[in-house]
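Below is a short report on one protein model.

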Amino acid sequence: MKITLPSLIVLLSTLHTSARSPSVSLTRRTVALKLRGGQDQEDGTTQRSTGSYHGNYISPANEIPKAALSQVPPSSPDAPLQEAVSSVPLTPSPALPATVSGTQANSKLSNFQERAPPAIVMLGAVFLLLRIFGQNGLIGLVLVMQWAMYSECTAVVDRFVEGKGRDAPDEIVSFPIQKWWWFVTGLMVTSGRTLIPQHTSLSLNQIDFITFGMTAISLVGGVIQLAIISSSNADEVYRNYLGKVSCCHFALLFLVGQSSFWIRTVQEYGIAWVLFPAFLVVVNDTMAYVFGVLLGKHKLLPRLSPKKTVEGFVGAGISTLAVAVPLLNRMVGKDGASGLVRHGLILALYVSLVSPFGGFLASAVKRAHGAKDFGALIPGHGGVVDRFDCQVVTAPFVYLYLKNFLATAQSSA
């Protein structure tokens with residue numbers, strides 16, 4: 001059977017237009033078109049439908065577009081084509097949106113069930129640690145977390161560079177040593193200024209002098225390592241090395257530096273003023289997830305964190321403000337601190353409006369380096385950075401706020 005080119009183009013274009021119309025429910029149908037009699041005219045073998053020339057087409061669920069058929073004159077040689085298409089039974093498509101919605105709900109429920117048990121275990125472990133060791137237990141926990149967060153953050157960049165295959169044979173082999181040298185130097189200038197004078201005879205001036213000497217050694221050593229690279233791909237080695245150096249110093253500033261304020265807070269104001277803002281962050285993060293699942297429709301920062309919604313952000317803020325004052329009264333009210341309502345609301349506002357952006361920045365780092373999580377230490381949560389990225393942003397504000405307002409309020413009382 002011979003098919004004229006104009007009638008075929010009209011039929012296919014009409015079917016394509018109907019398939020893209022949002023007002024018509026679509027379903028995939030295999031329409032038996034006897035194109036060239038269903039035979040390959042060159043070798044005489046029967047051809048199966050391939051979705052292109054011999055065609056699986058998308059047609060409306062309730063009818064075949066008659067506009068296409070009307071273009072075929074009844075007396076033309078294409079009349080059998082009209083009869084073949086008209087004889088194909090069509091049934092309405094299933095309600096796909098409801099199925100997709102149910103699948104998404106089950107996925108979110110499964111995700112919650114996966115995340116909840118590790119979170120409970122972590123809270124129980126922290127409670128037990130503080131119950132047994134008190135402030136020293138919390139300080140030890142902070143130091144271990146600083147090591148873990150620094151390791152995870154730098155490992156993300158290392159894996160990205162190695163995955164790109166950009167490391168040259170002349171890669172700077174001393175970089176792992178330099179990386180941990182910088183970590184020790186960072187600890188000296190942050191947590192070390194608080195802890196070392198308490199356990200040694202070194203003064204702050206001596207600690208500063210030692211830290212500066214360590215910084216100078218790392219500078220000279222790093223530059224010498226770059227200078228001795230003589231291969232043709234030296235520029236690539238420089239770029240890889242400086243990218244890793246930048247990541248290390250970002251981790252020192254963003255993770256190690258900010259988290260060191262926990263140590264100063266617990267020593268000067270007590271465990272309660274560390275745990276209270278930490279609980280607020282947990283409440284904010286949990287309620288952002290709950291409100292996002294139940295009401296979330298508008299993406300907050302889709303390029304950085306596609307799952308975060310405006311509704312989740314607002315609902316989490318309201319929930320955090322609602323629990324702040326009762327929780328603070330419960331935790332530190334017996335100590336007689338004045339202005340608890342004001343303190344609780346201010347800290348809750350910061351946790352609601354600023355702390356989540358620590359998570360957004362961490363998401364940007366992961367996306368830039370093709371990583372889903374910083375680690376896999378905590379099932380359902382990822383690594384330590386994934387769990388504490390918002391917490392570290394809160395730590396310096398809490399200490400500085402208490403230093404400026406809590407002490408003033410207590411002295412004036």
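Lys403 is partly exposed, with a relative accessible area of 43%. Partly exposed sits between buried (under 20% relative accessible area) and exposed (over 50%), using a 1.4 Å probe and protein chains only. Glu268 is also partly exposed, at 39% relative accessibility. Lys403 and Glu268 form a salt bridge, with the closest N and O atoms 3.1 Å apart. Lys403 lies in helix H13 (residues 384-412) and Glu268 in helix H8 (residues 234-269), so the pair ties together parts that are 135 residues apart in sequence. A salt bridge here is a side-chain nitrogen of Lys or Arg within 4 Å of a carboxyl oxygen of Asp or Glu. Helices (H or I, at least four residues) and strands (E, at least two) are DSSP runs, numbered from the N terminus.

The model is predicted: local features need pLDDT of at least 70, side-chain atom pairs count only at pLDDT 80 or more, and totals for chains, interfaces and linings use all residues. Residues are numbered from 1 along each chain as its sequence is written, and side-chain values use heavy atoms, with hydrogens and water left out.

## Other salt bridges

The whole structure holds seven salt bridges. One of them joins Arg387 and Asp285, with the closest N and O atoms 2.6 Å apart. This pair links distant parts of the chain: Arg387 is in helix H13 and Asp285 in helix H9 (residues 272-295), 102 residues apart. Asp285 is partly exposed, at 26% relative accessible area.

Asp208 and Arg193 also meet through their side chains in a salt bridge (2.3 Å, N to O). Asp208 belongs to helix H7 (residues 204-227) and Arg193 to helix H6, so the pair ties together parts 15 residues apart in sequence. Asp208 is partly exposed at 32% relative accessibility. Arg193 is partly exposed as well, at 31%.

## Packing of H5 and H6

Helix H5 (residues 175-189) packs on helix H6 (residues 191-199) at an angle of about 70°, and their axes are 4 Å apart. H5 is therefore roughly perpendicular to H6, a label for angles of 65 to 115 degrees; under 35 is roughly parallel, over 145 roughly antiparallel, the rest oblique. Axes are lines fitted to C-alpha atoms, for helices over the stretch in contact, and angles run from 0 to 180 degrees between N-to-C directions.

From H5, Leu187, Met188 and Val189 meet Ser191, Gly192, Arg193 and Ile196 in H6. Contact means heavy atoms within 4.5 Å. Leaving out residues up to four places away in sequence, Ile196 touches Met188, Leu202 and Ile207. Ile196 and Ile207 are eleven residues apart in sequence and 8.2 Å apart in space, C-alpha to C-alpha.

## A buried glutamine

Is Gln146 buried or exposed? Gln146 counts as buried, at 0% relative accessibility. Its place is in helix H4 (residues 96-164). Beyond residues up to four places away in sequence, Gln146 touches Phe183, Leu187, Ser191, Val256, Ser259 and Ser260.

## Whole protein and surface

The protein has 13 helices and four strands. Buried residues make up 40% of its 413 residues. Among contacts between residues at least 6 apart in sequence, 76% join residues at least 24 apart.

Leu321, Val341, Leu345, Leu349, Leu353 and Val354 make a nonpolar surface patch of about 450 Å². Patches take residues with over 30% relative accessible area and no salt bridge, joining like charges within 9 Å and nonpolar side chains (Val, Leu, Ile, Met, Phe, Trp, Tyr) within 5 Å. Accessible areas come from the Shrake-Rupley method with a 1.4 Å probe; for residues, only the protein chains shown count as cover. Helix H11 (residues 340-353) gives the most to the patch, with four residues.
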